[in-house]
Amino acid sequence: AVLTDDDIAALLRVLPDDRADAIVRLMLRLGLRCVDVANLQVHDIDLRGLTVTVHGKGGNVDLLPLPSECGRAISRYLSRNPAPAGPLFRTYTTPQRAMSPQCVSEMVGAWLRDAGLKRDRFDGIGAHALRRTCATELLQRGNIRQVQAVLRHASLTSTERYLRRSEAEELRTLVDP
């Protein structure tokens, strides 16, 4: 599933706090997976240079540009939840402890439900929908190789799987004006 602009606006309206806002914006704008978000450390974020170091699958480490809206969201979060080092996103119950990927996934699912976008457990609307949305939006502004770089796919075939549906929708206007 890919979220529309209206869906994204509805999701952003229901987010409960600055941590949620920063998490969702990172997932929507950079296509970060739940595990990527959970693994982020404070030192991975460069708010001056607007970059983020992502520790991804297979031990890969990638430097990505940090969208300014994500930088602002992270700044707001850190100003209210100061952390000089360690995990960027921490649990509220144990502030020294990083959130788990499962926790990130469950929270995003709950926010999607609160926004009225997720209706049942296996409806395809979950945390991964934010990654698919990112891929679709990036393709509209760039090319498939650029999308591959942002999503950090080793194989172009993996990126193509994300984009088949969006390409089909673009072709719809050609075959059904």
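Which helix supplies the largest share of the lining of the largest pocket? Helix 8 does, with three residues. The model is predicted, so to speak of local features takes a pLDDT of at least 70, side-chain atom pairs count only at pLDDT 80 or more, and totals for chains, interfaces and linings use all residues. Residues are numbered from 1 along each chain as its sequence is written, and side-chain values use heavy atoms, leaving out hydrogens and water.That largest pocket holds about 230 Å³ of space (a pocket is an open set of points on a 1 Å grid over the protein atoms alone, where a 1.4 Å probe fits, with protein on both sides within 12 Å along at least five of seven lines; lining residues have an atom within 4 Å of a point; the volume is the space filled by probe spheres set on the points). Among its 13 lining residues, R33, K57, R152, H153 and A154 sit closest to the centre. Helix 6 (127-141) and helix 8 (156-175) each give at least two residues to this lining (helices are DSSP runs of H or I, at least four residues, numbered from the N terminus). By class, the lining has two nonpolar, five polar and six charged residues (Ala, Val, Leu, Ile, Met, Phe, Trp, Tyr, Cys and Pro count as nonpolar, Asp, Glu, Lys and Arg as charged, and the others, Gly among them, as polar).

Helix 6 turns up again in the second largest pocket, where it gives the most to the lining, four residues. This pocket has about 160 Å³ of space and is lined by V2, L3, T4, D5, T133, T136, E137 and Q140. Those residues split into two nonpolar, four polar and two charged.
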